[in-house]
Amino acid sequence: MYKYIVTRLLLAIPTLLGAALLVFILLRAVPGDICEIRLGGTGLYADPKQVELCRENIGLNDPLYVQFGDFVTGYLTLDLGQSMWTGQPIGYEIGLRFKLSLQVAIMATLVAVLIAIPLGTISAIKQNTWIDYLVRTFSIAGIAIPSFWLGIMIILGLLIGTQAWFGEAWMPPIEYVSPFEDPLGNLSQLIWPAVATGYRYSAVATRMTRSALLEVLREDYVRTARAKGLLEKIVINRHALKNAMLPVVTVITLEFAFLMGGLVVTEQVFNLNGLGRLFVDSVLNHDFTLTQQLVMLVVFIFVMTNLVTDIFYAWLDPRIRYS
Amino acid sequence: MRFNGLKKAAMAGLGAAIGAGFALTAAAETPKMGGILDFVVAGQIPSYDGHLETTFAMIHPIRPFYSLLIRVNPDNPSSPTDFVCDVCEGAVPNPTDDGKTYVFKIRTDVTFHNGAPLSSKDVKASFDKIAFPPEGIASARRTFFKMVDSITAPDDTTVVFKLKYASGAFIPAVATPFNFIYSKDDLDKHGYHWHEKNINGSGAFMFVQHQPGAFTEGKRYPGYHLKGKPYLDGFKAIEAPKMAIRLQAIRGDRAAIEFRGFPPKARDDLVAALGDKITVQESDWNCGLYFTPNHTRKPFDDVRVRKALTLAVDRWGGSKYLSQIAIVKTVGGIAFPNHPLAATKEELQQLAGYSTDIKASRAEAMRLLKEAGAEGLEFTLLNRAVDQPYKVVGTWLIDQWRQVGLKVKQDAKPTGPFFDSLRKSKDFDVSMDFNCQSVVNPLVDVSKFLGSAGNNYGQYKDPLMEDLYDKMNREGDPKKVRQYMRQYEKQALDEQAHMGLTLWWYKINPHRSYVKGWKIAPSHYLNQSLDNVWLDK
Amino acid sequence: MTVSQMPGPGMLDDVAVQRSWHGAAWKLIRRQPLGAAGLAVVLVMIFMAVFAEAITPFEPEANSFEFMLAPPDGQFWLGTDQFGRDIWTRIIFGARTALYVGFVAAFIGAGAGLVLGVGSAYFGGLFDLLFQRVMDVFMAFPLIILALAVVSILGAGTSNVIIAITIPFIPHCARVVRSSALAIREIPYVDAARAMGFSHRRIILRHMVPNVMAPFLIMLTTFVGQAILLEASLSYLGLGVQEPTPAWGLMLQGGAEEFAESAPWVAIFPGLAITLAVFAFNLFGDALRDVLDPKLRAR
């Protein structure tokens with residue numbers, strides 16, 4: 001077991017290094033220049049000398065290996081450096097957005113769980129009935145609806161609905177307030193994106209719950225329990241659901257990792273100042289230093305979540321360790 | 001405290017006799033103290049250093065923290081010539097020494113937010129940083145001041161600008177809203193990069209906090225030199241990159257105003273939904289939207305093809321319809337519309353593509369294309385991936401060209417790659433192009449059309465235009481200047497059709513009616529000190 | 001994974017070679033009603049995309065401002081957008097863009113994944129190890145982030161969007177195919193084939209590829225739906241297909257949102273089109289999964 005964990009940990013190193021290299025190269029392949037945008041962004045004449053100075057000041061003229069070295073050592077020592085665009089420490093820039101993204105991810109996961117587990121269970125119990133079909137349709141629709149469009153529809157619905165109901169249009173807040181300062185204001189902003197994305201992520205979890213449960217229901221001990229004459233409700237709750245939960249938890253965990261960095265489009269729709277928008281902005285601004293560290297954070301969350309799930313699985317099922 | 005007295009009187013009037021029309025009017029006209037102004041901004045702040053930056057996204061939230069030497073008159077911001085003193089005393093000085101010397105008297109009651117008094121040495125240090133930045137320090141508007149020979153501060157209250165030659169472009173350049181006055185002590189103590197991340201101004205508001213990507217907060221500066229101002233307790237500039245959000249924010253009263261501009265359809269929707277809770281201000285906008293053919297690419301080296309491109313564009317029709325969905329409206333030549341130097345409607349109609357008979361123009365365009373062997377030409381229009389007005393006008397333009405048989409694709413690139421294509425790789429057929437300036441100053445603004453200009457991307461050489469531009473700028477007689485301007489315009493837009501003008505931008509700011517005291521200017525950079533804004537709530 | 005879990009060739013035949021056309025259709029409807037519905041929608045979409053010009057009297061790209069933002073009526077069934085273009089027309093032509101992007105990205109992505117996955121499993125050793133690490137790197141990025149990065153390098157436009165969507169698909173498919181192929185590789189008949197002196201090519205093509213077909217086909221259908229969604233997202237961000245080309249995601253961007261309150265039809269219908277298309281592909285893919293490989297249903 002220890003050997004397995006150590007192997008997996010060691011394997012994460014080339015992944016992270018490869019990701020760092022990939023991001024580093026990709027960013028520098030994008031045509032354009034942060035200094036050009038800054039000095040000539042509004043169509044002003046950008047004096048080549050001034051552009052050169054600006055490049056010099058933010059370290060763009062350093063040799064590539066120096067830039068890469070700075071990036072990697074900064075990452076390893078957690079001294080992330082400064083954003084090329086704002087000059088603020090990257091830790092501060094990311095920290096600001098991290099809170100929001102984390103909260104949306106948690107809320108969306110909660111929404112997903114609240115939808116997935118009851119629906120998946122019903123669907124499995126009533127396999128191949130109209131209820132099953134209805135649930136499956138509902139959950140596939142979750143994958144099919146673009147969550148940004150769902151977002152647009154939610155905002156539109158709120159504006160039109162409140163206008164019709166109260167005579168005054170209500171719009172969710174457009175700036176983040178900490179849940180500890182103003183829980184209601186916080187909730188009234190973030191509940192909508194959480195629902196829009198949570199519904200989407202419930203789809204996979206619903207299907208997982210359904211099929212895992214179906215499999216467990218066919219197992220001997222469930223049959224035994226049934227044969228003993230236990231109530232169906234108890235069989236499901238006490239025996240089947242508990243054993244079917246593992247793959248469901250896995251799926252949800254992996255999705256949580258995705259939610260931390262992948263809400264690029266939804267954040268645009270709701271004007272959320274999260275990691276996804278920071279990514280888009282920093283790429284468009286050619287803010288290399290910030291983009292690099294941001295992507296590495298998202299990749300790190302991804303790799304670590306995968307790692308933990310794999311190790312957890314190996315612990316449960318020794319066969320995996322040797323394959 | 002004259003002001004407070006007035007306010008009390010107004011309030012008393014209001015309380016005593018609601019029906020009294022006079023009292024009501026007085027109450028409506030008298031600025032009320034207090035309140036926080038929430039407004040939305042489309043972009044992000046790159047740094048706090050105005051001398052370095054060029055975007056309105058930093059002017060809107062940061063400008064209120066600083067004072068300028070002079071500024072456009074906040075009560076008459078639509079005038080291109082009406083400037084007033086900010087930290088200087090009295091009126092804007094007239095030049096002496098054949099227009100080559102300007103002497104500014106500096107007020108003695110101005111203090112920075114850290115308590116230090118502002119004097120002439122601060123003004124000198126700030127303008128030195130802008131006009132003569134030391135080695136290694138970037139300045140975005142250095143070229144604005146190429147006529148300046150020296151800046152001196154003979155005593156605490158005097159600043160003298162000596163020019164190399166007389167220039168009408170000097171005063172507008174000084175009034176540019178990016179020319180924040182910094183404290184010399186800060187520059188000496190912390191160096192020239194300190195202001196990128198720190199703020200110590202003498203403006204109407206003091207910096208509270210900036211959360212990158214989210215908002216900027218300011219609070220009232222009690223020691224502001226214009227007594228009784230500002231009226232607001234503070235402001236909050238909320239970043240909202242999507243126009244839909246900015247609109248909805250005003251719709252749902254999450255923000256009171258946006259200072260860049262909305263298309264008319266959005267204005268109409270807001271007015272229809274909110275009635276008199278919305279007030280609309282509109283103005284011509286000192287931004288022109290052009291298309292620039294790449295003269296080094298075939299067949300755009302052929303003047304007939306370039307002329308056909310401009311002939312195919314129905315400007316008058318576009319003004320009628322396109323103006324409903326995009327932030328453009330006014331048909332104009334190269335100079336800011338309605339400026340004394342701008343072409344009249346009759347003069348415009350002499351130019352290719354400005355005829356009201358679009359059928360004839362298009363027929364002529366197709367004839368020229370045929371003659372040049374470029375019938376049914378296929379090419380790509382490079383555009384900036386910003387909706388308003390670039391992409392909307394680009395989509396319209398492609399349809400205009402479709403009507404003379406041209407097959408055009410659009411390639412909208414984000415700002416970085418867009419400028420890279422224009423300036424470095426120059427790998428475009430025809431590009432959307434623009435010229436957005438703050439203070440209206442056609443003599444300088446039209447330099448955009450010179451093949452030699454740094455912000456001209458057509459890659460052509462036209463000695464005649466260089467010559468005309470030179471003559472125009474050295475000419476003292478306004479009539480003759482105007483004549484040169486016409487010749488220059490004819491050469492740029494018609495004879496050589498170096499570039500094509502689509503429409504001038506049109507600024508529409510629908511805002512919550514409780515926002516008072518803010519007046520629209522012909523530029524989204526101007527009149528953003530917020531010291532005279534108040535809330536009627 | 002043991003051999004018994006892999007679908008035998010017989011199961012493939014069951015779907016692929018049916019005795020009569022309507023017999024197969026009836027069987028599909030009875031066994032997989034949802035899948036059949038999905039397939040029907042997909043077929044209708046393909047029909048619309050192919051015969052777009054014949055279906056609608058309007059041009060998808062021509063502006064006609066006199067009908068700007070007209071509400072749905074007898075003439076414009078789904079209303080018009082801010083350029084006066086008929087939305088129904090643009091949705092039909094948009095289906096062409098969506099299907100083109102969806103199919104090309106899915107086929108290339110899944111195809112490359114198939115080749116790489118099988119190759120990696122078959123040759124094993126150092127190549128497999130290195131290949132796995134490279135795949136790890138790509139898999140560690142969220143799809144949309146990788147696609148965004150590629151688009152910012154290559155620029156927007158339909159063909160670049162296809163590349164941007166295809167690249168992240170490859171490792172996802174390769175991973176799944178490899179694990180199925182590995183299971184095959186271990187079983188005696190591959191060794192037997194090798195012992196009998198068959199060429200690598202023959203073993204791969206005749207024995208391994210057919211055996212990884214099931215997961216491959218399932219990946220393929222899922223990819224089409226995902227590609228349509230990704231294209232819509234990129235276009236919505238302004239980094240995908242460019243105006244005036246009709247594309248669903250693009251139709252939701254800009255004016256659609258800004259004027260949504262007074263002209264909701266501009267924002268509603270393209271979104272419905274995306275949903276319906278992706279929905280149909282997923283239903284079909286689900287059914288395919290059930291038929292081809294009941295054990296994979298859980299994935």
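Analyst: Start with B:P389, which sits in helix α14 (residues 387-402) of chain B. Keep in mind as we go that this is a predicted model. What joins B:Q388 and B:P389? A cis peptide bond does, with omega at about -5°. Most peptide bonds are trans. So this spot is worth a click, going by that general rule.

Chain C has a cis bond to look at too. The peptide bond running from C:E243 to C:P244 is cis, and its omega is near 0°. As for the setting, B:P389 is in a helix, whereas C:P244 lies in a loop, the one between α11 (213-236) and α12 (248-251) of chain C.

While you're checking backbone angles, go back to chain B and find B:K426. This residue isn't a glycine, yet its phi is positive, at about 50°. Most residues other than glycine have a negative phi. You'll find B:K426 in the loop that links α15 to β15 (430-436) of chain B.

Now stay with α15 of chain B and follow a side chain across to chain A. B:R423 is in helix α15 (residues 415-425) of chain B, and its partner A:E36 is in helix α2 (residues 34-40) of chain A, so the pair crosses between chains. The two form a salt bridge, with the closest N and O atoms 2.9 Å apart. Side chains of opposite charge can pair when their charged atoms come close. Counted over all chains, the structure holds 47 salt bridges, and four are found across the interface of chain A and chain B.

That interface draws 48 residues from chain A and 58 residues from chain B. How much area is buried between the two chains? About 4,500 Å², and carbon and sulfur atoms give 52% of it.

Chain A also touches chain C, with 50 residues of chain A in contact with 44 residues of chain C. The area buried there is about 4,000 Å², and carbon and sulfur atoms give 77% of it. One salt bridge turns up across the interface of chain C and chain A. C:D286 and A:R207 are joined by a salt bridge, at 2.3 Å from N to O.

Step back a bit and look at chains A and C as whole folds. Chain A has 14 helices and zero strands, and chain C likewise comes to 14 helices and zero strands. The C-alpha atoms of chain A fill a box of roughly 85 × 65 × 35 Å along the principal axes; for chain C, the box is roughly 75 × 50 × 30 Å.

The crossing of α1(A) past α4(A) is right-handed. From α1(A), the contact uses A:L16, A:A20, A:L21, A:F24 and A:R28, and from α4(A) it uses A:L64, A:Q67, A:F68, A:F71 and A:Y75. By class, that gives eight nonpolar residues, one polar and one charged.

α5(C) makes a right-handed crossing past α14(C). On the α5(C) side, the contact residues are C:I87, C:I91, C:L99 and C:F103. On the α14(C) side they are C:W265, C:V266, C:F269, C:P270, C:A273 and C:F281.

Note on methods
Residues numbered from 1 in each chain as written. Chains lettered and ligands numbered in written order. Predicted model: local features only at pLDDT ≥ 70, side-chain atom pairs only at ≥ 80, totals over all residues. Heavy atoms only, no water. Left-handed = near helix turned anticlockwise from the far one by under 90°. Helix = DSSP H or I, 4+ residues; strand = E, 2+ residues; numbered from the N terminus. Contact = heavy atoms within 4.5 Å. Nonpolar A, V, L, I, M, F, W, Y, C, P; charged D, E, K, R; others polar. Buried area = accessible area lost by both parts, 1.4 Å probe. Salt bridge = Lys/Arg side-chain N within 4 Å of Asp/Glu carboxyl O.
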